[in-house]
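Here are a few notes to go with your first look at this one. I've kept to the inside of the protein: its cavities, then its aromatic rings.

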Amino acid sequence: MDSRCKNFSILALSLSLFCIPVEYASGQVLEAPPVLQRSTDIHVVNENERPDKLERVTADRQIRESMQEPSEKEAKSIIEREGQVVVSPDEKNACSKLAPVVVPYPSDSRKPLTAWKENRKTVALALGGGGARGLAHIGVLKVLQENNIPIDYIVGTSMGSIIGGLYAAGVPLDDIQSHIAEFRHAYTPEPIPLKLLAKPLWKIRHPLLMHYSGVWSGGRFDKCLAKELPPGVENVEDTRIPFSAVATNLEDGKAYRISTGKLSTVMRASSSIPPLLQPVAIGDKIFVDGGVRANMPAYAARDTGAGLVIGVLVDQPLTRVPAKEFRKSLGVASRLLDVVLDTGDERQIPYADLVIRPDIRDIPILSKDPADPERAIAAGEEAARKALPEIRRLLSIPPATASAPVQLHLRNAKIKSHSVKGLKQLSRSSSHEQ
């Protein structure tokens, strides 16, 4: 990705973050939220329908329906919501409930994750977004896996949803790391000027089909993610570790925890930065990057019912920046982005029992430096090792006897040979047969 694309991306993301109002949850008492686990239903999958075509048709339907005039009842409801004067504490609480931090999607209530399992607390990871900084999640997962720390649920936002979703599906961490450059190229395949020039040709080929705004459709990125999934893992419900991705619905401005649907599309929805990638149409929702509302999804992880929530925060620490950095628009846009993300993090941190914060300073969100992935992963490993004593304490696992089922990630495994050693004569009958 060239420098112009990088500058445009950071500026666009920072501006998009300001388009959605932010509510604060500092000091808020956490009530028991609605819970949602993996789906257990059996449904028919139409293999003849191309997923990308289905999504385009869904987007077209959503746009056409929104162009219709609202009914008299809907119009009256809109008028009643406008012009309110909020004064009393009860009124303030009622208004705050109109925009919850995270809404389960789909909205049906299902069996929650039990808080205790095998005489220990169940563990949910909340992996935050951060672009190239989010590669630190690989380092954190490596350390947790090496030390047999159990993981019962993974919730991810943006880059956290990509790393977490692939890992939950059974993709080895080394494989994820080796394909980072491929993911980055699939996310922004061509230079922005070239893509903008080709846009009119697409409209000529599809004159009647309406679609959402964005430089790229995200289809190539979706296919790149789907290609890395192990055999038998296509939907979110198929993952070896229960998984959810957090994305922002453009229509109501709320964050949703998505626990069903095509896994690659759900990961793309959680990481679609506007206006680089087009919003993703899923059902009756229009999803973009989850970092707009819940960049470190601790509330969503708590929503699973887990007894222990471990957050991994990969945002730039909000430290003082010298005035000379704001002589360029990129410096101002980057600073505004850091401020908005930090504000969102303040809302989420209280819902985590422990927060791991790798040192990812000086790693840009859209970095193309080949050394930055290694730096981010190493920072994740270092921070996770420092957190191990506290994690073991919270799980009541003695350091010398820490044990849990080791997660095996096998893809396309083949047995080349086998042998059996033992007694030649197993029984009287078998000896007569020899």
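1. Helix 1 (3-17), helix 6 (159-169), helix 8 (180-187), helix 12 (291-294) and helix 15 (372-395) each give at least two residues to its lining. Helix 8 has the largest share, with four residues. Keep in mind that this is a predicted model.

2. Now the cavity itself. By class, the lining splits into 17 nonpolar, eight polar and five charged residues. Counting cavities of 30 Å³ or more, the structure has four.

3. On to the rings: there are five aromatic pairs in the structure. Take Tyr105 and Tyr256, which count as edge-to-face because their planes stand at 85°, with the ring centres 6.2 Å apart. This pair links distant parts of the chain, as Tyr105 sits in strand 1 (residues 102-105) and Tyr256 in strand 7 (residues 255-258), 151 residues apart. Both Tyr105 and Tyr256 are buried. Together with Phe287, they make up one aromatic cluster.

4. Tyr299 belongs to helix 13 (residues 298-302), while Tyr351 is in the loop between helix 14 (329-348) and strand 11 (354-356), so you'll find them 52 residues apart in the chain. Tyr299 and Tyr351 are both buried.

Methods
Residues numbered from 1 in each chain as written. Predicted model: local features only at pLDDT ≥ 70, side-chain atom pairs only at ≥ 80, totals over all residues. Heavy atoms only, no water. 1 Å grid on protein atoms, 1.4 Å probe; cavity = no way out; pocket = protein on both sides within 12 Å on 5 of 7 lines; lining within 4 Å. Points joined across faces, edges and corners; volume = space filled by probe spheres on them. Nonpolar A, V, L, I, M, F, W, Y, C, P; charged D, E, K, R; others polar. Phe/Tyr/Trp six-rings, centres within 6.5 Å; stacked < 30°, edge-to-face > 60°. Buried < 20%, exposed > 50% of the residue type's maximum accessible area, 1.4 Å probe, protein only.
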